[in-house]
Amino acid sequence: MLFTDSAFIIGLVVLCVTYFLIPKKFRWMLLLAASVLFYAYSGLSNLLYIAATTVSTYFVTRKLDAMAGARKEYLAAHKSEMKREEKKAYKEAANKRRFRLLVGLLVLNFGILAVIKYGAFAMRNMNALAGLFGNDNAFPIPQFLLPMGISFYTFQTMGYAIDVYREKYPHEKNIAKLGLFVSFFPQLIQGPISRYDELSEPLYAGNGFQPRRVLFGTQRILWGYCKKMILADRILPAVTVLISDPEQYYGVYAFLGILYYMLQLYADFTGGIDITIGIGQVLGIPLAENFERPFFSKNITEYWRRWHITLNTWFKDYLFYPLSVCKPMLNLSKWSREKLGKTIGKYVPVYVATIAVWFLTGLWHGAAWNFIVWGLMNAVVILISERMTPLYEKFHAKYKWSNTRAYDGFQAVRTTLLMGCLRMFDCYRDVPMTFKMFSSMFTSFNFHVLWDGSLMKLSLTGWDYMILLIGTGILLTASLLGRRGSVRKMVLDRSPVLSCVLTVAMFLAVLIFGAYGIGYDSSQFIYNQF
Amino acid sequence: MTKKKVVQSGVAMAVSAAVLTAAAQRLVQPKYMADVVEGNLIADYYKSGFDHDVVFVGDCECYENFSPVTLWEKNGISSAIRGSAQQLIWQSYYLLEDTLRYEKPDVAVFNVLSMKYDTPQNEAYNRMSIEGMRWSKSKADCIRASMTEEESFLSYVFPILRYHSRWNELTAEDFRYYFGAKPNFFSGYYLRADIKAAENVPEGRPLTDYSFGETCWEYLEKMRVLCEENDVKLLLIKAPSLYPYWYDEWDAQITEYAAAHNLPYLNFLDEKRIAEVGIDFTTDTYDGGLHMNVYGAEKLSVWLGEYLSEEFSLEDRRKEPELAAYWLDICVRYHTEFEKQKENLRIYGNVKGIPEKEEENGTPKE
Amino acid sequence: MITHKYRNYVMEETMMSETYETLVGILKDLHEDVDFETCETLIDDKILDSFDIITVITEISNEFDVAIPADKIIPENFNSAKALAALIESLEED
């Protein structure tokens, strides 16, 4: 089910109204029922996967807590008679057992994800490898229907399990409540990936009706639909045309493809997140922000702090840090310090962990080498710019003009273009084609396509361009205003009437200018299969 | 903010959103005035007095081939055509059901060409056949039976969902006829006075299977039962349109069905009957044999009027003052339009009176 | 009372000083221009990024033979040199 399905929209309205009408203690159950219904709608068999994750996580986290409790009890009971070393040894042994249990859970859940999402990809590569030895099609290629949002809920739930293992908070004792945390429906389409300690309380509490919250939430939902339906869905056919035929669309077209794709991706993804967070806000459930005006970033590192934030912090907390400070890594660092010198040894963990994280981030985005190369390129750019940081600092200290607004703007444009070029890996069918199209931008100067009417042949009319220009302008203005705080709050504080008028206006804008219905492909949200 | 104010602004927002949506919806809906006038046919019925002896249902072979004005003027039969372009049999059925909510005619006439379509065909035709209907269970059922895969029920309830992208195609017509179309039809008849002789009408290509689909039979049966239950006599006809080709094998199936259920069936493609009616395919069609022009339709109606009066013993109702006044208005409009078209043909060479020879060819036809 | 508190303070300082100074040295190596002895918002103000954190942890493991586990990487522990030194102490004790 998509945000743009009429069934979703109708269901959402019914849910929000019902939520505030029923007694508070039943409200979380309504959310659970809605989530199950939502998930069942996308395929009954998919419920099995999400149920497997919920049940396995529930029992493992329960056991983890029980083991931690037993450990604490034992230590307290034998406090006086045990020596420090004994205590330490006992603790380590106890935690080792807990760790094994956690690993079992992680292997099971990430295993399901891996098989379903990456099984075919892995087998194709195995086949290619076997082909080198003259053994064609040695492995069968499995075909799975990807359950909706499986990456999102797997990551979210495993984050929770790791936190329970780390004893950050006790496990959820009500399996139905855990089920709601795993399956909370607005998040299943495009994220964000929430943290249990932040989400659980408002999720399970029956939240009251707060007019201001409902207004802001509704505005955010409508704003999301505006982005998604007026901009993203409108430009999508042009993106498809541009990338589907590289033989015809190279050079300036490839550059246009980047711009169109960036707009499409941004409007689609942030629009979807706006809808999700808006739904949460209406219901009184604050969800984690996933974007912070990413294209205003000064560099790629900053960009990745501001784009798909919850995924990147997840990787940071549950992969990057554990990987870079684990014993083998520290030993590796020591070893390389001795063999390769102090400086290299110092940075080994950072480099290895960064590359591993970006390899997986690439893989997360899709089961194809394109995405892996894309991820690794990000790692390379990030590591290079990290190494260059002292140089930048000297540069900014020396040249005062580099600290102006204009230079900030230049950096934002640079970041945007750099990310756009990297995003080419998303678009083209394979890695060599991507490089070919990239280089065509510098070798083929077919600028005439900009004014000879070719732009009108990309399945966009003059009217479409007009809407896209105005829409992008509004988007940019809103982003600029948003740097000083919530635009919705600013508008409401200035004039409640204006706030209401804008709400109605957004509704009408989506209805009239949205690219939906017959004549438009109801395009799938780019992110919902991840 | 006080609670009262919150409720007030909430209601104000909801109401203004609804009103503006409705206003925008009316604006973007096609008005079917200059082009594709057939889009207004179905709604036309509701402006009538709901007092008809005969009601026609069916596709273009109905609304272009029979003239209710002639039936009135010659035989005093009050009739209405509920025809629309490529009206499918279930649409005919539901239109009949809908009609019975307003009146009980003596005779229902169904043109059997649509027996050839067993599945939903075309979104545009669906829209024209259904959107004009007033809301009722019949309309809802009709939508469900007619939708092609890409369509949604909701977009019939809220046509703005279908037509919103017309915002950049709006013309003066959309504003001029915002509050309603001007009457273009004569009790459901679409008048055409131009002539294009039927030449070289192709023979039908052989089919692998001539049997009509199950759904069609089901609805024909439903139609028969509906008429029986409401004490309406059902008359099956096949209008004298040369194309789409009407196969003998098809005709045999209808003949058989009619005989089995004791229904009258008139095939106007029958050579003897063509001669009897006096149709001349060189002068009586306006598009090379697909549809009759007004000359053909009048001849056909003269014949049918006699037939209806005799077979179903319909009274001559021209003496009823109220009804006569109602029909007088239609007859005057009819003859004025007829004269105007003849005049246009003489001056411009086309019925619409378009100066250049750019008569648009966008009209969808069966 | 006052004397007691003061004595505690002094003891704490002396006890931590060795760890603390080594740590400040490590940090200075990363960012020369930051005053690590007073700054208490190293994470909140994004002075230390995730790369710096890892580098610091690697260096600490090298200098003190203490492995800081991933779940201890939270802003409270890394916002000031003092807090980090305290973390190291507590891990050494364990």
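Author: In this predicted model, strand β1 of chain B, residues 54–58, is joined to β2(B) by five bridges, and the two run parallel. Within that pairing, B:Val57 has B:Arg82 of β2(B) opposite to it.

The pair belongs to an open sheet of five strands in chain B, ordered β2-β1-β3-β4-β5, with parallel pairing. The edges are taken by β2 (79–83) and β5 (265–267) of chain B; each has a single partner strand, so one side of each is left without a neighbour in the sheet. From one strand to the next, the twist averages 20°.

Two helices that pack on this sheet can be described in turn. Helix α5 of chain B, residues 89–100, touches β1, β2 and β3 (107–111) of chain B. The direction of α5(B) makes about 155° with that of β1(B). Helix α12 of chain B, residues 248–260, also packs on the sheet, where it touches β4 (233–238) and β5 of chain B. Its direction makes about 155° with that of β5(B).

The axes of α5(B) and helix α7 of chain B, residues 137–146, come within 9 Å and cross at roughly 175°. Angles over 145 degrees count as roughly antiparallel, and α5(B) is therefore roughly antiparallel to α7(B). On the α5(B) side, the residues that meet α7(B) are B:Trp90, B:Gln91, B:Tyr94, B:Glu97 and B:Asp98. From α7(B) come B:Ser138, B:Lys139, B:Asp141, B:Cys142, B:Ala145 and B:Ser146. By class, this contact has four nonpolar, three polar and four charged residues.

For context, chain A is divided into domain 1 (6–209) and domain 2 (309–429). The C-alpha centres of these two domains of chain A lie 28 Å apart. Their contact takes eleven residues from domain 1 of chain A and seven residues from domain 2 of chain A. On the domain 1 side, the elements that give two or more residues are α4 (84–132) and α5 (150–165) of chain A. That side has seven nonpolar, three polar and one charged residues.

Chain A also has a contact with chain C, which takes 16 residues from chain C and 20 residues from chain A. The chain C side of it has eight nonpolar, five polar and three charged residues.

Key: Residues are numbered from 1 along each chain as its sequence is written. Chains are lettered from A and ligands numbered from 1 in the order in which they are written. This is a predicted model: local features need pLDDT of at least 70, side-chain atom pairs count only at pLDDT 80 or more; totals for chains, interfaces and linings use all residues. Ala, Val, Leu, Ile, Met, Phe, Trp, Tyr, Cys and Pro count as nonpolar, Asp, Glu, Lys and Arg as charged, and the others, Gly among them, as polar. Domain bounds come from an automatic or database domain assignment. Helices (H or I, at least four residues) and strands (E, at least two) are DSSP runs, numbered from the N terminus. Two strands pair if DSSP finds at least two bridges between them. Axes are lines fitted to C-alpha atoms, for helices over the stretch in contact, and angles run from 0 to 180 degrees between N-to-C directions. Angles under 35 degrees count as roughly parallel, over 145 as roughly antiparallel, 65 to 115 as roughly perpendicular and the rest as oblique.
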